[in-house]
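Take a look at the sequence and the structure shown here. The paragraphs that follow go through it one part at a time.

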Amino acid sequence: IDKGTIYMKLEFPTRQDLDTTVDRVREAQGLLRGLPGLQHVLATVGVVEGMGGENQQGVYLAQIQLNLSDKMDRDQGVAQILTELRRRFRTFPDCIVTASIPGLIGGQNTPVDLEIRGDDLKELDRIALGVADRARKTPGFVDLDTSVREGKPELLVSPRRAELADLGTSPLAVGGLLRNNLEGVKAATYKSGTKTYDIRVKLEERPGVDQVQAFQIPAGAGHSVALANFASVEERRSPIQIRRSDKMRVSK
């Protein structure tokens, strides 16, 4: 169906910040110059619309909506323009680019959508990647993509409760201290004219897990103990998003 609208989804590496995403979107808009029938462009950063109006959010995501002239006023149909878009963005670096037309019930339209359900996320992702690899070897498929993504780095702090009890503190108190050290704590409020600003105090930001292990936890009687003495700190990766359908985990 040629409604004169094309959606482009841009997915950059999850480590990317908002300012870099905005710059990359401007770079992508430059590749749209001279596209046949293009009249207006609307770029949105931080949220993209999926199938059936399902939204995805993240500073590494962006969507560009292309509004074309009426199909009777242009020489190329929407399918030809989609082909030209894919050609232009074939070598766009560090970005998964998907171009599609609106669905009948809103959102982007994907002709083939396969769900693989189960309990083990690693096994689901393995199967999804295998299916995608077979599809790439089959003529006719374009814009192949899966929901498999590299996890985001995180720190897992596992307190040893018995040792905490000996110190007279609790895991809840440790969690609060970690939050204050890393995210900061509202210490005061500054007012200037009609505007009010929160004053937030936090520790200096430094790379590496060592600073977390060295956090000092109150141990009573004016003493403090390093976090590493009663908790383990593990670097690992966690899924960006866990999809479910009918209460089962899903990989696409």
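This is a predicted model. Begin with Arg24, which is placed over the face of Phe92, 4.6 Å from the centre of the ring.

A pair of aromatic rings is described by the distance of the centres and the angle of the planes. For Phe89 and Phe92 the centres are 5.5 Å apart and the planes make an angle of 75°, an edge-to-face arrangement. Are these two residues buried or exposed? Both Phe89 and Phe92 are buried.

Now turn to helix 3, which covers residues 121-136. Its 16 residues, at 1.5 Å a residue, should span 22 Å, and the C-alpha atoms at its ends are 23 Å apart, so the two values agree. At the start of the helix, the backbone nitrogen of Lys122 has a side-chain oxygen of Asp120 within 3.0 Å.

Which residues of helix 3 are buried? They are Leu124, Ala128, Ala132 and Ala135. These residues cover an arc of only 70° around the axis, and therefore lie on the same side of helix 3. Strand 5 (116-118) and strand 13 (248-251) are among the elements that cover them. On the face of helix 3 turned away from this buried side are the exposed residues Lys122, Arg126 and Arg134.

Terms used. Residues numbered from 1 in each chain as written. Predicted model: local features only at pLDDT ≥ 70, side-chain atom pairs only at ≥ 80, totals over all residues. Heavy atoms only, no water. Helix = DSSP H or I, 4+ residues; strand = E, 2+ residues; numbered from the N terminus. Expected span 1.5 Å × (residues − 1). Buried < 20%, exposed > 50% of the residue type's maximum accessible area, 1.4 Å probe, protein only. Arc of directions from axis to C-beta. Contact = heavy atoms within 4.5 Å. Polar contact = N/O pair within 3.5 Å; in protein donor to acceptor, adjacent residues only side chain to side chain. Phe/Tyr/Trp six-rings, centres within 6.5 Å; stacked < 30°, edge-to-face > 60°. Lys NZ or Arg CZ within 6 Å of the ring centre and 35° of its normal.
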